[in-house]
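Please have a look at the sequence and the structure as I put them up.

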Amino acid sequence: HGKQFARHHSVIFTVNQDKEMRESLALERALREARMEEEFHLLFQPQHDVAAGRVVSFEALARWQSPVLGPVRPDRFIRAAERAGLIQQVTRVLFGKALDALDLWPDDITVSFNLSAQDLADRAFVFSLVAQVHGRAIDPARIEFEITETAVMKDIAASRVLLEDLSAAGFKIALDDFGSGYSSFEYIDQLPLDKVKIDKSFVRKVTDSATSREIVAGIITLCRNLDLKCVLEGVETEAEMSTLAPLAPQLIQGYLFGRPMPQRDVLRLLLKPERPVDDASAA
Ligand code: C2E
Ligand code: MG
Ligand code: MG
Ligand code: MG
């Protein structure tokens, strides 16, 4: 009986694997043939400063509308681009678009941009991005690179040197998805970070779990004591917000405050009258 089940099971597994293999090959081919400037675009999701009561930053999130495959989720095409050796090309195109958008925002609004493991593994590539910023006379302090533990764990010493150089050049560094996967306090200790982003899987649990609440509270306190900015990712509901409010979170990024949106909506939001005027002469 058991044997029969095992055989049956392995057949299903093979069929699924085969399907996955064909899908990922189709994905890589579509990427290779993509006209990236046209097919890729960015959406921007606000980061809300709770005390100031306003948006201070936007995370740039990649979207791909493939003429062959339709819309493809970013985590899928980023991984496919890494497998196909195309990630740097994708990153360069997206980064150019992020700078185009940032150019039209007020000076006190910043952009967060995700770098993948393979981007970060190549020093020369990262510095070609830096050169793009210098070439356009944009203040590096308005640009924050988001990195994940997977991107730095292969070689934390080399990552530290690179991030220190970026930091010295004026860029900001955020540790993304903290609390998920193998996140270690080692990264907070070793890397020149400006910001920690608490993974949305934690935020999702805070209304039901006192333990998750305490963990989030602990990370918020840790960040405050280390002078790191802290973002709660993935706040979707008023219930989550009222559970989290007593923990005095600094920054929130989640559907409750705004979904990823196109540039025209960003501009509309930044021009809204409730945005406090910080320059008296503008009034
Ligand atoms: P991430 O960097 O952690 O980005 C945050 C993700 O959480 C985004 O998903 C965002 O839309 C989603 N999110 C934000 N608030 C909420 C919420 O309240 N509820 C829920 N359920 N989700 C929320 P998205 O845009 O699908 O991106 C997924 C991942 O793909 C990103 O995770 C990032 O790892 C990767 N990615 C996106 N754009 C880029 C890029 O330009 N370069 C690289 N290397 N990776 C990117
Ligand atoms: Mg991110
Ligand atoms: Mg994240
Ligand atoms: Mg993520």
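Searching the whole structure, which is a predicted model, turns up 9 aromatic pairs. Let me start with Phe58 and Trp105, whose ring centres are 5.1 Å apart and whose planes meet at 50°, so this pair is classed as tilted, given that stacked would need an angle under 30 degrees and edge-to-face one over 60. As for where these two sit, Phe58 belongs to strand β2, residues 54-66, while Trp105 is in the loop between α4 (87-102) and β4 (110-114), so the pair ties together parts that are 47 residues apart in sequence. Phe58 counts as buried, because its relative accessibility is 0%, and Trp105, with a relative accessible area of 4%, is buried as well.

The next pair is Trp64 with Phe77, which is edge-to-face, with 5.8 Å from centre to centre and 80° between the planes. Here Trp64 is in strand β2 and Phe77 in helix α3, residues 74-83, so that distant parts of the chain, 13 residues apart, are linked; both Trp64 and Phe77 are buried.

Beyond individual pairs, there is also a cluster, in which ring pairs link Phe95, Phe113, Phe145 and Phe171.

Finally, a word on charges over rings. The charged end of Lys205 is placed over the ring of Phe202, at 5.0 Å from the centre of that ring, and Arg259 lies over the face of Tyr255, where the distance to the ring centre is 3.8 Å.

Methods. Residues are numbered from 1 along each chain as its sequence is written. Chains are lettered from A and ligands numbered from 1 in the order in which they are written. This is a predicted model: local features need pLDDT of at least 70, side-chain atom pairs count only at pLDDT 80 or more; totals for chains, interfaces and linings use all residues. Side-chain values use heavy atoms; hydrogens and water are left out. Rings of Phe, Tyr and Trp (its six-membered ring) pair if their centres lie within 6.5 Å; planes under 30 degrees apart count as stacked, over 60 as edge-to-face and the rest as tilted. Helices (H or I, at least four residues) and strands (E, at least two) are DSSP runs, numbered from the N terminus. Buried means under 20% relative accessible area, exposed over 50%, partly exposed in between (1.4 Å probe, protein chains only). A charge sits over a ring if NZ of Lys or CZ of Arg is within 6 Å of the ring centre and within 35 degrees of the ring normal.
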